[in-house]
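Me: I'd like a close look at one part of this fold, along with whatever it packs against. Could you walk me through it in one go?

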Amino acid sequence: ASLVTILQASRLPMLEARILAAHALGVERVWISAHEKDAPGAQELRNIEALYSRRRAGEPIAYLTGEREFYGLSLAITPAVLIPRPETELLVDRALPLLREGARVLDLGTGSGAIAVALALNYPAAEVSACEASDAALALAHANAARHGARLRLLKSDWFAALHGERFDLVVSNPPYIALDDPHLFEGDLRFEPREALVAGREGVECIAAIAAVARDHLIAGGWLLLEHGYDQAEACMRLLDHLGYTSVSDHRDLAGNPRVVQAQFDPASARR
């Protein structure tokens, strides 16, 4: 059978079918378009069909190909980490204008390293640190930093645990923010992603609350905290940061128009203990 026949018989959206066929054959996607009339060999066909079958069962494309683009960077992705989402690029967009030369930046729970690598490459004059509790995720973040030549300090840490006494100009995080019983956990890509990177607790804002409280011991006066949150958590997050004594609290929408990133400044004079 020709490639075009195989693509059409995949029972997948055509873009997905092409991405997976290209990955199975070890070629660029444009090659597929130029060779649609070619017939793959028996083993190549088996490889393509195996990927199609896994995708039809719901496995995320990023896990099948081991790749995902974030902020214009191609990143290695495995099932040990959350798949970087386009909406998370807003965290980077909001962070970059806050940086100055020599700024110390911390990405908490870096996962694949997506945010930290994007910040380090787009603002090389900053000192970027990233921490992660999972060994597998940390190894992947190291690989992604090396792939792009990003200057990063990566360390194993459960949130701020290994950063005793350190203070930063900017702390960013895309923490778990899904409630324990959220039905979305049983739909789409989320079914395959690491639960510990998704679920925050009964309410969904537990990790955000914990980070915001402790971040006050790790931000310089006037330093910024930027956190990604769920589409329906803006009010709760702003109230929380306000209550903790942060100032200049604001919330920002992603490209889909959903509230997505809360941003606030640390003022030691108004911080409540």
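In strand 6, which residue is the bridge partner of Leu 108?

Reply: It's Ser 173 in strand 6 that partners Leu 108. Before going on, keep in mind that this is a predicted model, in which local features need pLDDT of at least 70, side-chain atom pairs count only at pLDDT 80 or more, and totals for chains, interfaces and linings use all residues. Residues are numbered from 1 along each chain as its sequence is written, and side-chain values use heavy atoms, with hydrogens and water left out.

Helices (H or I, at least four residues) and strands (E, at least two) are DSSP runs, numbered from the N terminus. Two strands pair if DSSP finds at least two bridges between them. Strand 3 (residues 104-108) and strand 6 run parallel, with four bridges joining them. Strand 6 also runs parallel to strand 9 (residues 219-228), this time through five bridges.

Six of the six residues of strand 6 (residues 168-173) are buried, so the rest of the structure largely encloses it. Strand 9 is mostly covered as well, with seven of its ten residues buried. In a regular strand, side chains alternate between the two faces of the sheet.

Now for the packing. A nonpolar core here is a set of buried Ala, Val, Leu, Ile, Met, Phe, Trp, Tyr and Cys residues joined through side-chain atoms within 4.5 Å. The largest one has 39 residues, and Leu 119, Leu 170 and Leu 226 have the most contacts inside it. Among the elements giving two or more residues to this core are strand 6, strand 9, strand 4 (127-132) and helix 8 (135-148). Helix 7 gives the most, with seven residues. Contact means heavy atoms within 4.5 Å; leaving aside neighbours within four places in sequence, Leu 119 is in contact with Val 92, Ala 95, Leu 96, Val 105, Val 128 and Val 172. Another core, of 29 residues, lies apart from that one, and Val 171, Ile 178, Ile 211 and Val 262 are among its members.

One more stop, back at Leu 227. Ile 208 touches Leu 227, and its other contacts include Pro 175, Tyr 177, Glu 228 and His 229, not counting residues up to four places away in sequence. You'll find Ile 208 in helix 9 (residues 206-215), and at 1% relative accessibility it counts as buried.

For contrast, have a peek at Ser 248 in strand 10 (residues 247-253). Ser 248 is partly exposed at 43% relative accessibility, and its phi is positive, about 50 degrees, although it is not a glycine.

Key:
Buried < 20%, exposed > 50% of the residue type's maximum accessible area, 1.4 Å probe, protein only.
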